[in-house]
Amino acid sequence: MEQLSMERETLNTGAHLPEQKEKRKKKFRIPVNAYGVLFILPFFIVYGIFSLFPMFYSVILSLTDYAGYSHRFDFIGFGNFAWLVTQARFWQSFLNTVIIFSMNFLPQMAFALIFAAMFTTKTYKMKCKGVFKAIYYLPNIITATSVAVMFYTLFLKPSGGLWQLLNKMGIISYGTNLYLLAWPSRIIIAFIQFWMWFGCTMVTLSAGILGINPSVYEAAQLDGASQKDIFLHITLPLIKPIVVYSLVTSVLGGLQVFDIPYLFLSGGPVLSGGRNATETIAVYIYKMAFDTGGEMQYGIASAASVYLFVICMTISFVLFRVTHTDESKRQRRAERKIWGGVHHESGNAD
């Protein structure tokens, strides 16, 4: 009897062991929502260390006369900002950035929209669409250093193949260096930017067009709409968010362009021709910080970078306000109608 009672006790206590383990597991169980935070936490850590901290540190340096690690620096307030405003070279670099970006972006968006419509339309059956998309996107994969060196070699006098071709055609003379002239060097750099980013913009717009419901196009074709009307009145309005995204990212990238202008002309002599005509704001910041020939003007370079940040933020805000004006007006009108109906019903109830 005693043995049976002991076995029963052990069985009863053993029956409660799994329940106790489950209770312990429940106590240390991580909430499901916390897994998402754990997955995105590395990004915020890396972003804070390599992007957010340098950004705030640049703002601090812009308020000092910091000129290198071996020099003392003092707080001078907004002296660097005031000095930059009076410098013609700073405003010339901003003008060069706008000119090169305009020469690059406007034809890039136009051709990207045209080719995206051609590759996505069902009425115009084009063979080997995937091959052409890959060929157009391929320059975006090549590094900027390789592209800059390649174009520098092509236009370098007198060994450049394109330079020799233009010389034999009588377009340029023998003593002309294209990379030292203002507008030819700007055109070359703008073409490089266009050639590298045209495929990426086209693929982005093509993805936006393919995301449109095909029944919309079928209904328009049944109503007798032409391809031009479908593109202007259906495709463009529906891919407006994608176009705005491409516009904003292109503006931000175009204002911060550094690699192509600097690397393309890095081998040429420092003359007043192509070097100053293609000196963008990013190149100007780099030169003030590391290529001044004497002391490294970190404070002035940081102030110029703050100016660039403010310009990018202002242009982005203006673009969002301009492109979302119609939608915000429609939303406000709808809200007014809803609230007007609510007030009207409440008045009748009273």
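**Entry 1: a loop residue**

Is aspartate 74 buried, partly exposed or exposed? I looked up its relative accessible area and got 44%, so aspartate 74 is partly exposed. The cut-offs explain the label: buried means under 20%, exposed means over 50%, and partly exposed is what falls in between. One caution for myself: this is a predicted model.

Next I wanted to know where aspartate 74 sits. I found it in the loop between helix 3 (32-62) and helix 4. Leaving aside its neighbours within four places in sequence, aspartate 74 is in contact with Leu63, Thr64 and Asp65. I also checked aspartate 74 against leucine 61, which is 13 residues away along the chain. Their C-alpha atoms are separated by 9.8 Å.

**Entry 2: stepping back**

I went through the whole protein chain. I counted 17 helices and zero strands. The chain has 350 residues, and 31% of them count as buried. Then I looked at contacts with a separation of 6 or more: 68% of these come from residues 24 or more positions apart.

**Entry 3: the cores**

Which residues touch the most other members of the largest nonpolar core? I got Leu84 and Met202, out of 42 residues in that core. I then listed the helices that each supply at least two residues of this core: helix 4 (79-85), helix 5 (88-120), helix 9 (182-210), helix 10, helix 11, helix 12 (240-255), helix 15 (281-290) and helix 16 (298-323). Another core lies apart from it, with 14 residues, among them Tyr152, Phe155, Ala190 and Phe264.

I took a second look at methionine 202. Not counting residues up to four places away in sequence, methionine 202 touches Ala112, Phe115, Ala116, Phe119, Lys133 and Tyr136.

On to pairs of helices. A reminder to myself: two packed helices are described by the angle between their axes and the distance between the axes.

For helix 5 and helix 6 (residues 129-141), I read an angle of about 155° and axes 10 Å apart. That makes helix 5 roughly antiparallel to helix 6, because angles over 145 degrees get that label. The crossing of these two is left-handed.

Which residues make the contact between helix 5 and helix 6? From helix 5 I noted Phe115, Met118 and Phe119, and from helix 6 Lys129, Phe132, Lys133 and Tyr136. Sorted by class, the contact of helix 5 with helix 6 has five nonpolar and two charged residues, and no polar ones.

**Entry 4: helix 7 and helix 9**

The axes of helix 7 (residues 144-154) and helix 9 come within 11 Å and cross at roughly 135°. Helix 7 and helix 9 are therefore oblique to each other. I noted their crossing as right-handed.

Ala144, Val147, Met150 and Phe151 are on the helix 7 side, where they meet Phe191, Ile192, Trp195 and Met196 of helix 9. By class, I got eight nonpolar residues in this contact, with no polar and no charged ones.

**Entry 5: helix 10 and helix 11**

How do the axes of helix 10 (residues 214-222) and helix 11 (residues 227-238) cross? They come within 11 Å, at an angle of roughly 135°, and helix 10 and helix 11 are therefore oblique to each other. Helix 10 passes helix 11 in a right-handed crossing.

Val216, Tyr217, Ala220 and Gln221 in helix 10 meet Gln227, Ile230, Ile234 and Thr235 in helix 11. The class tally for helix 10 with helix 11 is five nonpolar, three polar and no charged residues.

I zoomed in on threonine 235, which is found in helix 11. Threonine 235 has a relative accessible area of 5%, so it is buried. Leaving aside its neighbours within four places in sequence, threonine 235 is in contact with Ile209, Ile212, Tyr217 and Ile230.

**Entry 6: a last residue**

Where is tyrosine 262? I found tyrosine 262 in helix 13 (residues 259-264). Leaving aside its neighbours within four places in sequence, tyrosine 262 is in contact with Val283 and Tyr286. I compared tyrosine 262 with threonine 145 as well: they are 117 residues apart in sequence and 9.8 Å apart in space, C-alpha to C-alpha.

Terms used. Residues numbered from 1 in each chain as written. Predicted model: local features only at pLDDT ≥ 70, side-chain atom pairs only at ≥ 80, totals over all residues. Heavy atoms only, no water. Axes fitted to C-alpha atoms, helices over the stretch in contact; angles between N-to-C directions. Helix = DSSP H or I, 4+ residues; strand = E, 2+ residues; numbered from the N terminus. Parallel < 35°, antiparallel > 145°, perpendicular 65-115°, else oblique. Left-handed = near helix turned anticlockwise from the far one by under 90°. Contact = heavy atoms within 4.5 Å. Nonpolar A, V, L, I, M, F, W, Y, C, P; charged D, E, K, R; others polar. Core = buried A, V, L, I, M, F, W, Y, C linked by side-chain atoms within 4.5 Å. Buried < 20%, exposed > 50% of the residue type's maximum accessible area, 1.4 Å probe, protein only.
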